[in-house]
Amino acid sequence: MSIAQEKLAEIRTQVQSHLDRRQTGALSAARRAALESTIRGHLSAHNAVIVAHYYTAPEIQALAEATGGCVSDSLEMARFGRDHPAETLIVAGVRFMGETAKILTPSKRVLMPTLEATCSLDEGCPIDAFSRFCDAHPEREVVVYANTSAAVKARADWVVTSSIALDVAEHLAAQDKPIIWAPDKHLGDYVQRESGADVLLWDGACIVHEEFKARGILDLKQVHPDAAVLVHPESPANVIALADHVGSTTQIIRAAQSLPHSTFIVATDQGIFYKLQQAAPDKQFIIAPTAGKGATCRSCANCPWMAMNDLESMASVFDRDDNEIHVPTDIATAAMRPLERMLAFAETLKP
Ligand code: SF4
């Protein structure tokens, strides 16, 4: 078992405790209104804005939109946080998103509802082991996913999000540059197949997307034969093989709008349903099954770390001293280079 696999096995055993600690009870309307009022007051008093990911709870996304913040994928979160004039960013997502915001805008204060919200990809790629892996293959360009620590980004030549991962792989393949791809083996395998790039994979995975089962999707297609299948590329290859469209969260939302189908089976975190229903209100969305042979359903299409972002922790975000993002200057300086490269490359892809 590789170091990364050992770490992932450890993470899997921890996920259930995260799920158990999640607040599952619905807030009363009065409590929700009071919390939202508190948060709005903080935003105004501290010149702050909410930067939320598509996988957070619907009430977080709705509040971000209603208060002039953004709800988006990690690439757009990075851009929005960098360009927005607010002095404080409240990043509702997982820790690497807060770190990216801090690196890109060191002058801004970056707070998160909780710094415990992490990611199995980030956790499964510790910097020491990853550095040794890179040192053993000095001839390869190091491409890391945004879902990594600031230290891992600082070791990289490129940072990518899922929305530009394939474009970067194709760009490097066109120059015959061999690649180290970390940490997501499924995304790396996908871009390798699609781009023909020479890719050496790190052995990491997203515990949410890895749970989707091809057999379950095929069974669901029997019930909904006209449904299109939308798949995030962090999913296993046999799930990707069933897709009518493979793409990042933003690309999945666009596909739901543009494809002629009225029903979609969606293989990504179900937090995206808030935006899908907003973007295509007349269409039906069904979550891809995580049950079936070989399934553990530890995540059930719902990231336990994203779920830690709730209104209670948002409302106390300015009252605590355990939730501000700090990145050491030397690491931030080194990580800035591949992050700016990512943003500049993404600009070249705009129509
Ligand atoms: S959904 Fe997967 S990739 Fe996204 S934060 Fe959760 S564990 Fe990480």
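**Close-up 1. The ligand shell.** Of the 13 residues around the ligand, Cys119, Ser120, Cys206, Val208 and Cys303 come nearest. A residue counts as near a molecule or strand if its C-beta atom, placed from the backbone, lies within 6 Å of it. By class, the shell holds 10 nonpolar, two polar and one charged residue. Nonpolar covers Ala, Val, Leu, Ile, Met, Phe, Trp, Tyr, Cys and Pro; charged covers Asp, Glu, Lys and Arg; the others, Gly among them, are polar. The model is predicted: local features need pLDDT of at least 70, side-chain atom pairs count only at pLDDT 80 or more, and totals for chains, interfaces and linings use all residues. Residues are numbered from 1 along each chain as its sequence is written.

**Close-up 2. The sheet β2-β1-β3-β4.** Four strands form this open sheet, with parallel pairing. Strands are DSSP runs of E with at least two residues, helices runs of H or I with at least four, both numbered from the N terminus. Two strands pair if DSSP finds at least two bridges between them. β2 (70-72) and β4 (109-111) are the edge strands, each pairing on one side only. Neighbouring strands are turned by 20° against each other on average, direction ignored. β3 (residues 88-92) joins β4 over three bridges. Thr88 has Arg109 of β4 as its bridge partner. Helix α5 lies across β1 (48-53), β3 and β4, at about 155° to β3.

**Close-up 3. The crossing of α5 and α16.** The axes of α5 (residues 95-104) and α16 (residues 329-349) come within 9 Å and cross at roughly 95°. Axes are lines fitted to C-alpha atoms, for helices over the stretch in contact; angles run from 0 to 180 degrees between N-to-C directions. α5 is therefore roughly perpendicular to α16, a term for angles of 65 to 115 degrees. Thr100, Ile103 and Leu104 of α5 meet Ala332, Ala335, Met336 and Leu339 of α16. Contact requires C-beta atoms, placed from the backbone, within 7 Å. Six of these contact residues are nonpolar, one is polar and none is charged.

**Close-up 4. The sheet β10-β9-β11-β12.** This open sheet has four strands in parallel pairing. Its edge strands are β10 (245-246) and β12 (284-287). β11 (residues 263-267) runs parallel to β12, joined by four bridges. Val266 has Ile287 of β12 as its bridge partner. Helix α13 (residues 249-258) packs on the sheet and touches β9 (228-231), β10 and β11. The direction of α13 makes about 165° with that of β9.

Conventions
Parallel < 35°, antiparallel > 145°, perpendicular 65-115°, else oblique. Contact = placed C-beta atoms within 7 Å.
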